[in-house]
Amino acid sequence: MKTNLTPIISALTRQRGVRGSLLVDEMDGVIIDATLHVGMKGPAFAALAASLYRKARLSADAAGLGGVTFLPLRATEGHVCAGGKNEMVLVIVADARANIGLIRMEMLKALERLVI
């Protein structure tokens, strides 16, 4: 799926260690745009990542902490990072050796450029 957001999503995927970048609708988990390496189960992953981000956002709001700007998840084989804007969630999948600080910085810049 290609949109006018494709250059932003593709640039994130070119970061060292990134396996895929997805822009997902927060409410229904549908992929708006994505650049994924071969073998990634995009639709299933997108729905789960959107749900995880939405629950984190609602939890932070209920605790009076404000909005979630960056949600990192570390697993034995890599990382899932998410950030949201305007009911969209930007999700990055990266391997274990990826520089999460750099990915976070690039994600936050990308979120600022997202306009739908």
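I take helices (H or I, at least four residues) and strands (E, at least two) as DSSP runs, numbered from the N terminus, and the expected span of a helix as 1.5 Å times one less than its number of residues. The model is predicted, so I note that local features need pLDDT of at least 70 and side-chain atom pairs count only at pLDDT 80 or more, while totals for chains, interfaces and linings use all residues. Residues are numbered from 1 along each chain as its sequence is written, and side-chain values use heavy atoms, with hydrogens and water left out.

**Entry on helix 2**

I checked the length of helix 2 against that rule: its 21 residues should span 30 Å at 1.5 Å a residue, and the end C-alpha atoms are 30 Å apart, which agrees. For burial I use relative accessible area, with under 20% as buried, over 50% as exposed and the range in between as partly exposed (1.4 Å probe, protein chains only). On this scale Gly42, Ala46, Ala49, Ala50, Ser51, Tyr53, Arg54 and Ala60 are buried in helix 2. Taking contact as heavy atoms within 4.5 Å, I find that the cover over these buried residues includes strand 1, strand 2 (31–36), strand 3, strand 4 and strand 5. After helix 2 comes glycine 64, with a positive phi near 75°.

I also looked up glycine 67, which is in the loop between helix 2 and strand 3 and, at 63% relative accessibility, counts as exposed. Glycine 67 and alanine 56 are eleven residues apart in sequence, and their C-alpha atoms are 9.3 Å apart in space.

**Entry on helix 1**

Which residues of helix 1 are buried? I list Thr6, Ile8, Ile9, Ser10, Leu12 and Thr13; with six of its eight residues buried, helix 1 is largely enclosed by the rest of the structure. Strand 1, strand 2, strand 5 and helix 3 are included in what covers the buried residues of helix 1.

**Entry on helix 3**

For helix 3 (residues 100–113) I repeated the length check: 14 residues at 1.5 Å each should span 20 Å, and the end C-alpha atoms are 20 Å apart, which agrees. The buried residues in helix 3 are Ile100, Ile103, Glu106, Met107, Ala110 and Leu111. Viewed down the axis of helix 3, these buried residues fall within an arc of 140°, so they line one face of the helix; the arc is that of the directions from the helix axis to the C-beta atoms. Their cover includes helix 1 (6–13), strand 1 (18–25), strand 4 and strand 5.

**Entry on the loop between strand 4 and strand 5**

I looked here at two residues with positive phi. Asparagine 86 is in the loop between strand 4 and strand 5, and its phi is near 50°, a positive value in a residue other than glycine; at 58% relative accessibility it counts as exposed. Glutamate 87 is found in the loop between strand 4 and strand 5, with phi near 65°, a positive value in a residue other than glycine, and it is exposed at a relative accessible area of 56%.

I searched on a 1 Å grid over the protein atoms alone, where a cavity is a set of points at which a 1.4 Å probe fits but cannot get out, a pocket is an open set with protein on both sides within 12 Å along at least five of seven lines, and lining residues have an atom within 4 Å of a point. Grid points are joined across faces, edges and corners, and a volume is the space filled by probe spheres set on the points.

How many cavities of 30 Å³ or more are there? I count one, and the largest cavity has a volume of about 30 Å³. Ala49, Leu52, Leu71, Leu73, Val80 and Ala82 line the largest cavity, and helix 2 (42–62), strand 3 (71–75) and strand 4 (78–85) each supply at least two residues of this lining. I class Ala, Val, Leu, Ile, Met, Phe, Trp, Tyr, Cys and Pro as nonpolar, Asp, Glu, Lys and Arg as charged, and the others, Gly among them, as polar; the lining of the largest cavity then has six nonpolar, no polar and no charged residues.

The largest pocket has a volume of about 170 Å³, and its lining consists of Arg19, Phe45, Ala75, Glu77, Gly78, His79, Val80, Val93 and Ala94. Strand 4 gives the most to this lining, with three residues, and by class the lining has five nonpolar, two polar and two charged residues.
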